[in-house]
Amino acid sequence: MNLLAEAFDWIFSPDRLSGSSPLPAAIALHLLYTFIAVALSAVIAVPLGYYIGHTGKGRNAAIAISGAARAVPSFGLILLLVLVMGVTQKPLAATIAFVLLGIPSILAGAYAGLEAVDRRVIDAARAVGMTEWQILVRVEIPLGLPLLIGGIRAGALQIVATVVLAAYVTLGGLGTYIIQGIPLSRYDMILGSAIVIVALALVLDGLFALLQQVVVPRGVAAGRTQDIRATSPRRRAVVGTSLQERKG
Amino acid sequence: MSAAPNGVMLTYWQVSIRVRTRNEPPLMIEFRGVSKRFPDGTVAVEDFNLVIPSRKTTVLVGSSGSGKTTLLRMINRMVDVSAGSIEIDGESILDRNPVALRRSIGYVMQNSGLLPHLKVIDNVATVPVLNGVPRRKARQDGLELLDTVGLERSVANRYPSQLSGGQQQRVGVARGLAANPNILLMDEPFGAVDPIVRAELQQETIRLQRDLDKTVVFVTHDIDEAFLLGDQVVILEKGAKIAQIGSPREILANPANDFVASFIGAEKGKRSLTIQHTDHGSILIDSEGRPQGVLAAGPGE
């Protein structure tokens with residue numbers, strides 16, 4: 001209990017605003033690394049996930065690779081990349097490691113979002129004369145957005161927790177206090193910065209949860225609240241007669 | 001006065017009237033030796049030949065596995081033929097761009113197939129907007145289509161999930177008509193609504209066909225629906241083999257074989273009614289002795 005109080009004392013001490021590594025600056029840097037890594041992951045994973053989700057090609061490979069990638073230890077990956085790329089390339093090595101960490105969740109969110117769209121809706125869109133691109137942009141992406149945001153949410157959480165490791169390769173961020181604190185046995189400092197990281201992750205998660213609610217298409221949300229026989233649109237997709245069955 | 005695709009346009013002081021002329025396109029659809037083999041090896045359709053007459057309703061009727069939906073979806077190239085050809089007014093559809101072809105043919109499906117994230121009016125306006133009509137104009141035209149299919153204009157700004165099944169189907173029909181296609185494909189459009197609403201929608205379909213004069217191809221497994229709506233009824237056996245083609249009258253009067261007889265229910269006596277006179281009028285009873293209707297005064301009486 002005492003330790004916890006000391007940790008909070010450390011966080012709220014006026015000293016945190018001055019010195020060589022002030023807390024607000026560390027938080028800002030931590031968030032910046034997180035943002036860059038999430039953005040780069042999304043740039044890679046979203047188009048790839050949409051391609052897989054729309055065409056159904058490469059789905060099994062994507063599942064296998066992203067499943068394996070989740071199991072890769074981030075710390076080991078950073079050290080390996082630093083060794084391979086050279087000590088001067090530390091920032092790049094760390095960024096690559098964080099991006100790789102974020103890709104599986106975002107990729108899964110992107111293709112799962114497209115796969116969850118009712119096949120009959122897509123079939124109808126095609127039958128009235130939409131091109132494949134129009135089906136993707138006007139139907140699949142808006143309807144799949146909540147699941148994509150869910151994927152980005154999971155990826156961002158993992159990255160924000162892992163950016164702590166940036167400090168190991170002297171890049172700063174909130175991990176700095178932990179690394180400095182360990183040899184000094186400054187447990188208030190270690191626990192204090194850990195609490196800040198957890199708080200940061202919770203706030204980030206809350207913001208994404210909010211965003212996930214906002215991006216649910218209005219028609220879909222309307223059906224959810226007003227239809228008394230409410231079934232979620234996703235479940236409807238599974239229960240309904242599939243095209244194959246109706247092909248007769 | 002100017003030539004228009006479907007006759008002659010008479011224009012006077014911004015008022016245009018379309019006058020149908022005798023030499024306008026017949027809008028006939030013709031299947032020639034059409035086969036469909038799916039990648040898994042199943043043969044859904046083999047050497048299928050059929051002429052679908054213009055500006056009439058042709059109903060393809062059969063049980064599941066008869067290939068009726070496959071045949072319908074071949075017309076707008078949602079399913080491509082493995083062999084043979086399909087022609088609209090003598091022009092092969094295989095030469096046409098599938099997307100352009102689909103935009104020129106109305107399509108109404110079971111469960112309406114509306115886009116859940118778009119308002120009713122934007123669902124109706126989908127095809128005109130794809131064709132480059134300004135959104136405002138497409139919406140304006142969409143409101144008139146809601147009138148045409150018997151919906152209140154107040155539903156325009158609601159989402160499909162807020163409508164009843166019957167209303168959704170009407171919106172589906174409005175969307176099918178939005179680009180003013182000459183051909184309308186209807187794939188079991190009333191299969192998922194309750195019997196009362198279905199009867200209503202069937203009457204609306206008859207009225208629409210009379211008013212709009214389209215070539216309608218309608219798929220159903222319900223023989224009563226087929227007889228009600230069809231000018232030409234095509235009864236399909238497994239593998240899209242045609243058991244009989246004819247008007248409802250011809251088929252009822254003279255079923256071609258046992259399959260047709262059993263399909264239309266003639267064999268069980270469901271179709272043969274006898275008159276029983278009672279004190280209050282004449283009723284019609286079936287072979288089981290159950291009353292099926294009342295004998296109304298004929299037109300000559």
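User: Two strands count as paired when DSSP finds at least two bridges between them; in this predicted model, which residue in β8(B) is the bridge partner of B:E87?
Analyst: Strand β7 of chain B, residues 83-88, is joined to β8(B) by 2 bridges, and these two strands run antiparallel. Within β8(B), the residue that forms the bridge with B:E87 is B:S92.

User: Why is one side of β5 and of β8 of chain B left without a neighbour in the sheet?
Analyst: The strands of this open sheet in chain B follow the order β5-β4-β7-β8, and their pairing is antiparallel. Because β5 (43-52) and β8 (91-92) of chain B stand at the edges, each has a single partner strand.

User: At about what angle to β5(B) does helix α1 of chain B run?
Analyst: Helix α1 of chain B, residues 68-75, lies across β4 (29-37), β5 and β7 of chain B. Its direction relative to β5(B) is about 60 degrees.

User: How many nonpolar residues does the contact of α3(A) with α5(A) have?
Analyst: The axes of helix α3 (residues 59-71) and helix α5 (residues 90-115), both of chain A, come within 9 Å and cross at roughly 145 degrees, and the crossing is left-handed. Among the residues that meet there are A:A62 and A:A69 in α3(A), with A:L100 and A:I103 in α5(A). By class, beside 1 polar and 2 charged residues, the nonpolar ones number 8.

User: What distance separates the centres of domain 1 and domain 2 of chain B?
Analyst: Chain B is divided into domain 1, covering 28-263, and domain 2, covering 271-301. Taken over C-alpha atoms, the separation of their centres is 35 Å.

Definitions and conventions: Residues numbered from 1 in each chain as written. Chains lettered and ligands numbered in written order. Predicted model: local features only at pLDDT ≥ 70, side-chain atom pairs only at ≥ 80, totals over all residues. Axes fitted to C-alpha atoms, helices over the stretch in contact; angles between N-to-C directions. Helix = DSSP H or I, 4+ residues; strand = E, 2+ residues; numbered from the N terminus. Left-handed = near helix turned anticlockwise from the far one by under 90°. Contact = placed C-beta atoms within 7 Å. Nonpolar A, V, L, I, M, F, W, Y, C, P; charged D, E, K, R; others polar. Domains from an automatic or database assignment. Pairing = 2+ DSSP bridges.
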